[in-house]
Amino acid sequence: MAVWSRAVVRWRYNLTRRYCYTTPENNLNKVAPPSPASCGETKGRNVQWVFLGCPGVGKGTYAARLSKLLGVPHIATGDLVRQELSSHGPLASQLVDIVNQGQLVSDEIVIDLLSKRLEAGEAKGETGFILDGFPRTIRQAEILEGVTDIDLVINLKLREDALIAKCLGRRTCSECGGNYNVACIDVKGEDGETRMYMPPLLPPPNCETKLITRSDDTENVVKERLRIYHELSQPVEDFYRMRGKLLEFDLPGGIPESWPKLLQALNIYDDEDKKSAAA
């Protein structure tokens, strides 16, 4: 289920892979669009969206799909941190201890990595972005507000028992870098709740023997990450809710069930998806 804050933004996406931005007539907070666009033609830049949600909820999966659909870069701060770790750069040794203990990376480090990525993107002519995993603190949100216009913040939610199982099932191919999940989540509904089923996302045969688990995907570390996230996330959610930019979306299940409902909540039409379903 998707819940909009009082001031709702609407996006409509047409077949030429461009978007149209409108505001509803009952927009009580009168939020002006940060970069008005006529249908079918952007003016100046593409969408600038943020994905929020607990570690492991699927921000990367849905942000990457929307990135491809909308034609904008998907910038995941978690990937930026892992790239810095593998590069053995000046921050690597400091990051090793932080990640292995399940702690959140400091604002200063994340902002430094993100700033470098945005500057590199601008130099390549990128317009717009979808941020994944940033901002995580109210301070980060305030800094981001001061340097760029965020159009929409999508807050993904998933029940905690399913979330923990999902985190523990994550696997990555050491050769191609593909992300998979070996967990089969089947949670029976209680007290009127709907049953949740999330099938595993298994790798192709050529990746089966090359799967690795992230060092921080242990039950204790996952639970600690969730505790810290919940402690810090509420002020960030309130920050964007007060600005009329927050869309809260409860994942009803796996990708086949959740993806079309997310597109519906965003008022986006994916013509290729519909053609595939009809084939």
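Phe239 and Tyr240 are both buried. They belong to a predicted model. The model holds 2 aromatic pairs.

**Aromatic pairs**

- A pair of aromatic rings is described by the distance of the centres and the angle of the planes.
- Tyr62 and Trp259 sit in distant parts of the chain, 197 residues apart. Tyr62 is in helix H1 (residues 59–70), and Trp259 is in helix H8 (residues 255–266).
- Tyr62 and Trp259 are both buried.
- Phe239 and Tyr240 also form a pair, and this one is edge-to-face. The centres are 5.1 Å apart, with 90° between the planes.

**Charges over rings**

- Arg65 lies over the face of Trp259, 5.3 Å from the ring centre.
- Arg243 places its charged end over the ring of Phe239, 3.6 Å from the centre.

**An open sheet**

- Strands of a sheet pair through backbone hydrogen bonds, either parallel or antiparallel.
- Here, 3 strands make an open sheet in the order E9-E8-E12, with antiparallel pairing.
- Strands E9 (179–181) and E12 (211–212) are the edges, and each pairs on one side only.
- Strand E8 (residues 170–173) pairs with E12 over 2 bridges, in the antiparallel sense.
- Thr172 has Ile212 in E12 as its bridge partner.

Notes
Residues are numbered from 1 along each chain as its sequence is written. This is a predicted model: local features need pLDDT of at least 70, side-chain atom pairs count only at pLDDT 80 or more; totals for chains, interfaces and linings use all residues. Side-chain values use heavy atoms; hydrogens and water are left out. Rings of Phe, Tyr and Trp (its six-membered ring) pair if their centres lie within 6.5 Å; planes under 30 degrees apart count as stacked, over 60 as edge-to-face and the rest as tilted. Helices (H or I, at least four residues) and strands (E, at least two) are DSSP runs, numbered from the N terminus. Buried means under 20% relative accessible area, exposed over 50%, partly exposed in between (1.4 Å probe, protein chains only). A charge sits over a ring if NZ of Lys or CZ of Arg is within 6 Å of the ring centre and within 35 degrees of the ring normal. Two strands pair if DSSP finds at least two bridges between them.
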